[in-house]
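Here is a short briefing to read alongside the model. Let's walk through some side-chain and surface features together.

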Amino acid sequence: MQQKNTKLKTFILYTVLFTMVMIIVSLPFFEGHKHFIWKKDGLYQTYTIMVYISEYYKSIFAHLLHGQFTWKMFDFNIGMGNDVFTTLNYYGFLGDPLLLFSTFFNKTNMYVCYDMLFVLRLFLAGLFFILYCKKMGKGNIQAVLGALIYAFCGYAIAAGERHPYFLNAMIYLPLLLIGVETILKKKKSYLFTIMIFISFVSNFYFFYMLTIIVFIYALIRFVDIYRKEWVHHIFSVLFRGIIQ
């Protein structure tokens with residue numbers, strides 16, 4: 001019970017501090033009556049594609065309700081290519097579960113969903129970073145402060161505001177690292193397997209960068225954990241990591 005109360009207090013503390021920092025970061029947008037939609041790629045790519053994906057998801061659900069398991073694979077009206085899946089998957093068409101929220105909005109109020117998902121992605125990035133910190137045995141205050149620094153880093157504010165789906169990599173990374181830590185302790189990590197799959201289908205561009213970061217992290221942590229005995233453990237750890 002005490003552990004649950006501690007987790008709840010940590011979550012509340014993070015939520016309160018996140019809200020405060022988010023308000024401060026958003027002040028220039030509020031004062032200028034602006035949304036988190038970049039005038040260039042944000043408006044003509046990300047936002048427009050979110051509207052298209054929302055309508056596409058709705059059509060799939062409608063077909064399923066009528067017992068029809070077919071959906072449009074090609075669309076000559078996209079303007080960026082004909083193949084719906086390969087053209088739009090860069091923007092999280094297949095692997096970003098957060099885009100499902102767009103089905104609750106229409107063309108006239110999709111900007112609300114766009115803003116909400118930007119904030120939600122920042123929040124989740126910090127929240128999962130807290131989980132990683134707790135996995136590493138860090139205290140609650142240290143975890144929350146680290147999460148705020150992670151969620152509101154320069155990359156998140158600059159690149160994430162312009163291209164919200166860029167933040168997905170920040171969401172996946174802490175979960176991948178938790179999986180690595182589990183494997184290094186010679187335990188099965190279904191979380192690692194799931195996150196590898198989600199990262200791959202979400203965006204191949206960020207997947208390969210996450211792979212490099214996770215590999216370097218795993219190598220450093222492996223040497224740090226096993227020290228002089230690394231030779232006796234390397235094959236068992238590698239085998240466990242590969243068969244996950």
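Cys113 counts as buried because its relative accessibility is 1%, where buried means under 20% relative accessible area, exposed over 50% and partly exposed in between, with a 1.4 Å probe and protein chains only. Cys133 counts as buried too, at 8% relative accessibility. This is a predicted model, in which local features need pLDDT of at least 70 and side-chain atom pairs count only at pLDDT 80 or more, while totals for chains, interfaces and linings use all residues. Residues are numbered from 1 along each chain as its sequence is written, and side-chain values use heavy atoms, with hydrogens and water left out.

**Cysteines**
- How many disulfides are there? The count comes to zero disulfides, taking a disulfide as a pair of cysteine sulfur atoms within 2.5 Å.

**Aromatic contacts**
- The structure holds 20 aromatic pairs; rings of Phe, Tyr and Trp (its six-membered ring) pair if their centres lie within 6.5 Å, and planes under 30 degrees apart count as stacked, over 60 as edge-to-face and the rest as tilted.
- One of these pairs is Phe36 with Phe118, which is tilted, at 4.8 Å centre to centre and 45° between the planes.
- That pair links distant parts of the chain, 82 residues apart: Phe36 sits in the loop between H1 and helix H2 (41-65), and Phe118 in helix H4. Helices here are DSSP runs (H or I, at least four residues), numbered from the N terminus.
- Phe36 and Phe118 are both buried.
- Tyr132 and Tyr217 make an edge-to-face pair, 6.2 Å centre to centre with 65° between the planes.
- Tyr132 lies in helix H4 and Tyr217 in helix H9 (residues 204-226), so this pair ties together parts 85 residues apart in sequence.
- Tyr132 and Tyr217 are buried as well.
- Tyr91, Tyr165, Phe166, Tyr205, Phe206 and Tyr208 form one aromatic cluster.

**A charge over a ring**
- Arg162 lies over the face of Trp38, at 4.3 Å from the ring centre; the rule asks for NZ of Lys or CZ of Arg within 6 Å of the ring centre and within 35 degrees of the ring normal.

**Second largest pocket**
- Ten residues line the second largest pocket, and Lys7, Thr10, Ile130, Leu131 and Lys134 lie nearest its centre. A pocket is an open set of points on a 1 Å grid over the protein atoms alone where a 1.4 Å probe fits, with protein on both sides within 12 Å along at least five of seven lines; lining residues have an atom within 4 Å of a point.
- H1 gives the most to this lining, with five residues.

Notes. Helix = DSSP H or I, 4+ residues; strand = E, 2+ residues; numbered from the N terminus.
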